[in-house]
Structure formats: C-alpha cells, structure tokens
Amino acid sequence: MCMLEDAKKQALELICKHECFHSLFLTEHLAFPSPQTSNKKPRKTPADKAVGPARGRGKANGVAQHNGDGGDPVTLFEVVKLGKSAMQSVVDEWIESYKQDRDLALLDLINFFIQCSGCKGTVRIEMFRNMQNAEIIRKMTEEFDEVTACLCHIQVKIMLIFIRWEKHNDSGDYPLTMPGPLWKKFRYNFCEFISVLIRQCQYSIIYDEYMMDTVISLLTGLSDSQVRAFRHTSTLAAMKLMTALVNVALNLSIHQDNTQRQYEAERNKIAGKRANEKLELLLQKRKELQENQDEIENMMNSIFKGIFVHRYRDAIAEIRAICIEEIGVWMKMYSDAFLNDSYLKYVGWTLHDRQGEVRLKCLKALQNLYTNRELFPKLELFTNRFKVTPARTKNMIYDALSNEDCENVYHLVYSAHRPVAVALHEHAAYLVDSLWESSQELLKDWECMAELLLEEPVQGEEVLSDRQESALIELMVCTIRQAAEAHPPVGRGTGKRVLTAKERKTQIDDKNKLTEHYIMALPMLLSKYQADSEKVANLLQIPQFFDLDVYSAGRMEKHLDALLKQIRLVVEKHIEADVLEACSKTYSILCSEEYTIMNRVDIADDDDIYNVLSTLKRLTAFHNAHDLTRWDLFGSCYRLLKAGIEQGSMPEQIAVQALQCSHYSILWQLVKITEGAPSKDDLMALRRVVKSFLAVCQQCLSNVNTPVKEQAFMLLCDLLMIFSHQLVSGGREGLQPLVFNPDSTLQNELLNFVLDHVFIDQDDESQSMEGDEEDEANKIEALHKRRNLLAAFCKLIIYDIVDMPAAADIFKHYMKYYNDYGDIIKETLSKTRQTDKILCAKTLILSLQQLFNDGIKELARRFALTFGLDQIKTREAVATLHKDGIEFAFKYQNPRGAEFPPLNLAFLEVLSEFSSKLIRQDKKTVHSYLEKFMSESMSERREDVWLPLISYRNSLLTGGDEDHMSVTSGSSSKTGSVRSKKGRPPVHKKRIEGEQTAQGRG
C-alpha cells in the first residue's frame, strides 16, 4: 500500500497545478478508490423516493447502505466478507426479502456481485428496472476506468505514475486477489453463500423463471467484461452456481428413479390391491420431476455455453484453473450426465496449457476419475484420444514442477533403485529439452556418444549394460531431433515460432555436423545392434534428420550403400511392426525425388518379389507408405485369397495381411486416377478391381477365423465409404463409374456381423477366445476393437450409404450396452436426425417396436431426451413419431372382442415419454388423431388394462398452458410462471444480449 499512497500523492500534486483538474481533485476517491467508504450521497430521483425499505438490512434507494460507524454489517457483501453469521441464516433472510419484494432482493444480490468484484459503484433501482444488463455493466465499468479518460490529457509524467498505480491495482486490488486471512476467508464464504443459496431455493424459487434468469444473465455479462476483477469474480460465482445446480440435478435424478420404482411396484400389484389414484399421483409426480430436471438442464446449459466455453481459455491462468477445477467436480459428482467426451474434451485440450497451475488442476480432476473403479471404464475413449498414459501424466507433472522440485527429480533419474530410474527413463525428450540451454555443448557431443556405443569391451574395464545402452541411444536420438528441428517436444512451449537468423544458422550448422558424423557411424551402430528391435527402431529415426545432399556433395555414396545394406538385413531379421515402419519411413525419406541419391535406393528388385510375397507382414508395412502398384501386388494377393477361400485352409495371419495389402493397392490406384486425367478404360479397370475385392471381403465375412472376418468387415466399410456417392463431390463427376452402392444383401450381412460380433456379453466373448483366462488388458483391447467395428458401420448409416432403418437394430441396444457404446449410438442418432428428421423418428419408433415386449420405458425416455429443448426444430419429427406409434398401438385388435384392449395398447405408455416434446398445438392435433382410433366405449374405460391409454391421453391433454411444476415436501402443486408483465423488460432478453456479446468477443 505504501507504493500506492506515494503514487497517489505524486499524481495529486501534479494535478493540483492544473486548474482544469480541480474538479477531479475534489473527487479523488473516484480516481483512487480506497477501502474507506465514500461520504458522497447520490442524488435521489422520484423513482428512488417511491421505493420503501426492504426487510432485514437497511436500504436507501433500493441499495443496501453501510453503517458508517463500524456497527453491524448491513450489506450482503459485508455480511459475507466478515462471516460472523451462519450462511444459512443469511440466505434465509434474503429469501424472505425476495418473497416480500423480489426486485429489491435481486438488486441486493446484483450489488453483492458488483461489490465482491471490488467495484465501488452501486446499481440503483431505476437502473435495474430500465436498463439492460450490458448498459448496467458498462456503467459499473466506468467506476474502474473513469480517471483513465481524464488523465489522457495530463503530462506524460502523470500518465506514468497512474500506470504504475494501475499495475499495482491490477495485481491484487480486488477481494479475490487481496492478501491476508480476511480475504482468504472471504473467498470461502463467497463460494459457500452461492452453494447455500441454490440449496435453499431448489424447491421453488429457482423455477420461477425470474431469479435464476436474472443472476445467470448478469454473470454472463460480467464474465465477458474487459475488467479482470469482474471477469474473475463472475466466473468463480458462475462455476460454483453450476456446481450447486449439478447437485440439484443429481437429486432430481435420484427422485425420478425412486418415483419410477414406486410406480412399477404399485402397477405390478394384483388388481384388488392396486390403487389407481396412487398411480395417477406417481405419474404426475414423475412428470413434475422431469419438467424440473429439464429446467435445471436448461440453466446449466446456459452457464456452460455462455460462460465456461469462453472462460476456460481466458487469458488469466487463475480463471482457466477455476473452470477446469469445477468441471472435474461435475464429472465426478454426476458422471451419468458429464462424464462423456462432450465435457472431457475441455480437460484434454487444457492438458497442454502453458501454465503449470492450470495443468495441475487437469491432473487432479483426472486423478479423481481414474482412481474411481466405477468411473474408470467410461474414460476409455478419452484415454485413447488424448493418449493419457501413466508416462504422459508423469510428463505433465514434470512440466508443472519448479526448479527446486526438478533438482529432486534429477536425483531420482540416476537413482540406484532401478524401478524408479526406469519409470523416469521415458522422459528423455523432455529431459533433453530441460537441459538444452544450460548443457547444450555436452548434449551435442555426438562423437562421444557414438564412441561409447561402438567401443569394444576391454578386459578389466566396466562396460555399459544393456539398459544403459538403450538409454544412451534414446538420449542421443532426442538430442539429434532437438538440434535438427530447433523446437521443443510436443506439449512444451506455445507452438512453433519463427527462428531468428542466428538460431537458423545454428540449426544448419548442427544439422551438417550430425549428418557428417552419423553418415559413417550409423551403419556401424545398426550392424552392432541389429538383433535388438528396440535399439534398431530408435537408431533408424536418425536419417530423417540428415541433410541428404551431404551424401552427394561429400562423395559419400559408399556410406549410403552401407546404410541400405544394414536396413535390408534388419528387414529380413525382424517382423515387429515398429521396426518395419521405421525401415519404411527411412526408405521413404531416401527415395525423395528432391535428392539425387534416390536412384541408388531401390527397396526391391525382381528377385526380391517372391521373398516379399512370402512375408506379407513386411510387404504390407511397405505398401502402406510406398506405391508398389507396378508389381501388380493386388493380382498376386487376390489369387492368394481366392485360393484360400476355395480350399479353406489358409492361415489366418496370411489372409489378414493379404486383405490389407490388397486394400493398400486399391488406394494407390485411386490416388493415381484422382491425380491424373484417367481414361474410361482406366476407370472401368479400377471398378473391376474394387468390385472383385468387395466380393472377396463379403465372402470372408463367413470365414471361421474371427480376425479374418473382422479385417474383411473393416475393409468393406472403408471401401464403401471411399467409393460412395461422396467420391464425385467437389467437381469430380468424372469418377461416377467408381461409385458403389451396397445392395440389400450386403447391407444385411454387414448388419448381422455387427449384431453377432459387437453386441455380445463380455463373458460370452471370454469363453469364445483361446486361453484359460483373459486378463483385464485384453478385455479393454477387445472392447476397443468392438467399438471400432460399430463406429465403422455407423458411419455408413450417417453418410446414407446403408439405409437408415438398419439403425433401428443399433438404437435398440442403447440402454443395454450404454456403458460400452452409448456415446457412439447417441452420436449416430444425432447425425441421422440432421440428415432426415422424419426418417430418423420412424427409425426410433421402429427400434422401440422391436423391443416392445422387453421393457423399454427407460430406453424411450433416453430417446426422448435426445430431441433436446428446441421443440420447433424437432416439431415435425416428433409428430411423425407419435403418428407411427399410435398406428402400431391399434394395429392388432384383440381376438377376444372389442371390450378388450388392442394387443399393442401398452405401447402408448412408451409413447407418452415423447409427449413433453410436442408443442401445445401439436398435442391437440395428435390427440385428435388418437381419437380416430378410439371407439366411444374406450374413452369411458377405467380398468387397469386400459391404463396406458388413460396415461397417454392425459399426457396429451395436460401442459397446454405454461404452468410449471414444483416440488415441495414431497407433494405436487402447480404454480404459474412468475414473469414481470411490466416495469422492466423480460429477463430472457438480457440473457440473449449477454450471450450475443460473449459470442462477439469470443
């Protein structure tokens, strides 16, 4: 504070020398707000005088006032800051004042948030009633910026003083960032107040469409402010508000489940003991709970999209950390709603945040999820997408360490305790990057490293162990990569930057130096370690960092021949995928047309073709990266596959590799055609190749070996996608002869394959697999494979390659296999609805009809939720769904007579789950359509067997007005929407404006 006071004195002395700033001097408290309360009284307006005091705390002009003499706190801000009263008492008092006059109570709450941000301004009643949120926030912002505008006209010296003060103010001069125990306690009290407020209001006030709309709209606007204090405070408030709402939503979900169980128990009683009145009450309560759940979800959606998605990437690290910390709480608290890719992706993206504080919040959030046995299985897709492995997690922890912490870690790297050293060994790239600035000369001593590796053991001397050799090779490759690329490893730094001239020169010199050395040393290293797949795979990365022109310029072609000879020996000795891929990549670099050495590199000749065909693994690995179509490998593989199908005795691995190699050959042929100007003969030739291969794959679907069937299925899906109607888009109409549309037989075979190989129980699969017992890792791998199979087929449905009704057989498994495939099925449902809303609705009702006798109420409820909150957008689709459902319910008359219900009448109970998605006008239309199928006697029936019709009719007849249900002490009551009809504009208008502002600023 001393620096602040000195700055104020200097500025005021200079200001006093200028007459034009006497008025500014007289109102110095506006320019330099101090913790003391101003004695300046605002001018009253007629509107102020018309407002009486609110209960609980002293108010004037609708704004809570200070006591002035150090008495009891009289504003919400003071009460929460001091924390002398129990928070529940404070909230209860505010609720009581809200019931008396909701505008004055909300004004008190609004000023609470403004004052918690450190702003000395106050929102008055006429501002609250007549101004939009954006205008109010702009007015409050002037309390921070008023003097800045004035000081623009003063001497440069005054400006520098003000800037110095402003920096001090920005660093911590608002409650959330002020030091000291009082302000630390304030942060806790602030968060607790919001939590208790929602908890106490959860049964009535939050559903009145006024209080929550006002608060969310205000916080959305403040969170988009350029003033850091507003943005920081409102984001914390909004995230805590969201957490409280998540808790409410979770409780509602539990109540819904309990109500459903009670309803099912009552309905299953024998006719004499069943109470129809109780059933009606339970149905009504369930409907009320669902409506409340929808409202809470709407509020959470507004906070998430209006605040979280903008502030999780805020410029201030602390604001980003708040967002990530709270989303971790939501995912653990209400995993059914939040533990999915729609929310996990934000944590995944933030794992690369430039600030350790934020990354640490990500790690803590993930730790809470991964250590929970019930939640861990739901993270499989996230783990695969963001590569969240133990090694990567340790990398992120390492990045978050301070220099002091790093020194302790360095001791562990060289620990005599082998497991510790091995665990940290995987971080070679990051270790090199951390030491690059301080120990660059040592790390670039490549001659010494190669010498140590090539050195022959001498009797009496200590030699490197196998583990030490592997570590040194990995370290050497990492230093070569860092020098050649001149940028840190992935996740370290803020992305690639433009090198300075000096840095660029250093990079060129380093590349020349390492090339000249390893051109000679690499063949010898490969020769020594050619039997060790791990070491060879690492060493083969080195040529990609060479300056290949050195081979020709330095007349070192003999060393190139030596390198090619060693690579050839490696290919002949190894079948490991990583080794062969490394060889393939090295050949690809050496074969590049921009270098003159390409003519000396020939990865195969006529004598090699037979050997390559006899080892299809090697061939497939090379065909993935090289165009080998000149040898007509497709013809050889196709004949091999046909012979295997006819004889039925081909080993499964040969069949799998032959299928994959054929697939690569087709793709290379397609590349040639799309890049050139193909003739009609060329197109027809490729069409014949594709058609024959599709037929082979279709035959392989009935192969006895599961790996062969799975490979054939995946290749069929891939090729049908590639050679679909999308091939001719973008002005490529000439490729029309290559378009394939699967016939109904092929579509059915693909669907049956999915049903037989994807929707299976884990136990069934374990028994079908070879071996006595399948460990956990294999189970996860098997699930991942099944997910890929399902995703491949669902893509064909989404892109209209397979007819949409086939999706009915997929959708009907949504509930039973929700944990394994729920995200894939839900995304398929969403995409197909975008393609054709009506056909998608018909497909949904078809899937429900197929499961009609298996108990599908919960599945219907899940399907209904997928239609979202925008009833206008889904209007026609929902109406079609009801029409088809009614027709199905009355399709078969009861053979016992007209006095008995139709055989499918119980389907109306399923259909009632979708009634809430109808708009009011359509409910009447659907009801009229229902009556066409009803006889006069049906409408008078009240027996138990007619309950589905009674419930469905009630679901269409209720909800015609705008009433909303509330839950109070376990009883149901209807309360009208409490909206302001005059005085100030509707709150939702402010929210819309706030959201538009947020989108405009990004």
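Asp-800 is found in the loop between helices α40 (776–798) and α41 (808–811), where helices (H or I, at least four residues) and strands (E, at least two) are DSSP runs numbered from the N terminus. The structure is a predicted model, in which local features need pLDDT of at least 70 and side-chain atom pairs count only at pLDDT 80 or more, while totals for chains, interfaces and linings use all residues. Residues are numbered from 1 along each chain as its sequence is written, and side-chain values use heavy atoms, with hydrogens and water left out.

The phi of Asp-800 is near 60°, a positive value in a residue other than glycine. Most residues other than glycine have a negative phi. Asp-800 is exposed because its relative accessible area is 51%; buried means under 20% relative accessible area, exposed over 50%, and partly exposed in between (1.4 Å probe, protein chains only).

Ala-486 also has a positive phi, of about 60°, although it is not a glycine. Ala-486 lies in the loop between α26 (466–485) and α27 (501–529). Its relative accessibility is 29%, so Ala-486 counts as partly exposed.

His-559 belongs to helix α30 (residues 557–573). This histidine, His-559, counts as buried because its relative accessibility is 18%. When residues up to four places away in sequence are not counted, His-559 touches Ile-519, Met-520, Pro-523 and Tyr-551; a contact means heavy atoms within 4.5 Å.

Burial can also be followed along a whole helix. Nine of the eleven residues of α48 (residues 947–957) are buried, so this helix is largely enclosed by the rest of the structure. Among the buried residues of α48 are Leu-947, Pro-948, Tyr-952 and Arg-953. The partners against which the buried residues of α48 pack are α14 (276–311), α45 (875–889), α46 (907–911) and α47 (920–933).

A UniProt record, an unreviewed entry, lists residues 272–302 as "coiled-coil region"; UniProt positions are given in the numbering used here, feature names are shortened, and annotations may be inferred rather than shown by experiment. In the model, residues 272–302 are 87% helix and 0% strand, with the end C-alpha atoms 48 Å apart.

Finally, confidence must be considered. The mean pLDDT of the protein chain is 76, and 74% of its residues reach 70 or more; pLDDT is the predictor's confidence in each residue, from 0 to 100. Over residues 145–171 pLDDT stays under 50, and the model has 41 contacts beyond four places in sequence for this stretch. Residues 413–426 have a pLDDT below 50, with 17 contacts in the model beyond near neighbours in sequence. Where pLDDT is low, the predicted coordinates should not be read in detail.
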